[in-house]
Amino acid sequence: MKYGIGISYDGVSARAGLFDADGKLIARGSAVSEGTEGYAEASDKLVSLAESLCSRTGKRAETLGLCVPAAVDGAEDKILRWDGDVRGFAGAPLARDLSKRLKMAVRIAGSANAAALAEARFGAGKRFDSFLFLRLGESVGCGAVVGGEIFEGFGSGGTAAEHMTVEAGGIPCPCGRRGCLGQYVSGAALVRDTKRAMFEQKNSALWRCAGNPESVTAKTAFEAAREGDPAAQKVVKNYVFYLAEGILNLVNLLHPQAIVLGGEIAQEGEYLLEPLRKYVGERLFIGCDKAPLSVVRASLGDGDALLLGGFALAL
Ligand SMILES: [Zn+2]
């Protein structure tokens, strides 16, 4: 039987999984660093992590797929841009170097694309030929799957739905534009809007749910909204509005079979999905009578989706 490795590396911690050909997890491994290492040290760490999985299990892996929270050229397997503290990766021949040292076929993908691929092969996307995956975490990521494969776009730059305008002239985004989807539907945006609602409504249940403004998370507004708190319900309604508007833009452009929602915020389940489906369903434009759109939750855990995505990438 053939085996493959999937690694998720965010510049500080690396998590790895060894899988059999059916995508069954055989073993896990991890490594953490200071986050200040350069290209050479990081490569060494990834090599030892892969080697330790093989030696520990006695299995010989033939492939390795690495996912990183960066812009990746999927055709060249090169990291194009990695914001933050990770230095020396942009343009470096990481896949080639790892492949040479490990004697495995190595592929690299951005995290959202890898998670989308995992859902396509092993998760909620399996029953769809085409779907858009949106990861609603601290930040927002997007992966488009067409014909069961990741749509890379011209120049293999992938998709970046998080930078689609949903509010012209709205909140400034690090991409240089204003009003991008990511500025309204990320975990960071939810925390910002929840804190604002707290200061506007001093008697809101948000105060009890959070304890204090510093302890607000992306879950706080949902928790208080479920209890019937009007200020929290307003925050959630606003979140659903922007997410639905973004989804409608994407559907009008690409008309996929489904939208698959992953990430921490998607774990709110039907409390989020039900109003979202209603809003989107009432405004669908293209051929929706013949081909209704499914809006579903991702079925793989956030962390495992990245490991599986890495594994599937290099198959
Ligand atoms: Zn942007």
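## Strand β8 and its partners

Strand β8 joins strand β11 (residues 258-262) through 5 bridges, and the two run parallel. Strands here are DSSP runs of E with at least two residues, helices are runs of H or I with at least four, and both are numbered from the N terminus. Two strands count as paired if DSSP finds at least two bridges between them. Phe-131 has Ala-258 as its bridge partner in β11.

β8 also pairs with strand β9 (residues 140-146), in the antiparallel sense, over 7 bridges. The two form a hairpin with 3 residues between them. Phe-133 is bridged to Gly-143 in β9. Strand β8 (residues 130-136) is mostly covered, with 6 of its 7 residues buried. Buried means that 20 or more other C-beta atoms lie within 10 Å of the residue's own; exposed means 12 or fewer, partly exposed lies in between, and C-beta atoms are placed from the backbone.

## Basis of the model

This is a predicted model: local features need pLDDT of at least 70, side-chain atom pairs count only at pLDDT 80 or more, and totals for chains, interfaces and linings use all residues. Residues are numbered from 1 along each chain as its sequence is written.

## The five-stranded sheet

An open sheet of 5 strands runs in the order β3-β2-β1-β4-β7, with mixed pairing. β3 (25-32) and β7 (105-110) are the edge strands; each has a single partner, so one side of each lacks a neighbour in the sheet. The twist averages 20° from one strand to the next. Axes are lines fitted to C-alpha atoms, for helices over the stretch in contact, and angles run from 0 to 180 degrees between N-to-C directions.

Strands β1 (residues 3-9) and β2 (residues 13-20) are antiparallel and joined by 7 bridges. Tyr-9 has Ala-14 as its bridge partner in β2.

## Helices across the sheet

Helix α1 (residues 39-57) lies across β1, β2, β3 and β4 (61-68), at about 145° to β3. Helix α2 (residues 94-102) lies across β4 and β7, at about 150° to β7. Contact means C-beta atoms, placed from the backbone, within 7 Å.

Helix α9 (residues 270-283) has 14 residues. Leu-272, Leu-276 and Val-280 are buried in α9. They cover an arc of only 40° around the axis, which puts them on the same side of α9. The arc is that of the directions from the helix axis to the C-beta atoms.

On the other side of α9, Glu-270, Glu-274 and Glu-282 are exposed. Cover for the buried residues of α9 includes α8 (230-254) and β12 (294-297).

Technical notes:
The expected span of a helix is 1.5 Å times one less than its number of residues. Two residues are in contact if their C-beta atoms, placed from the backbone, lie within 7 Å.
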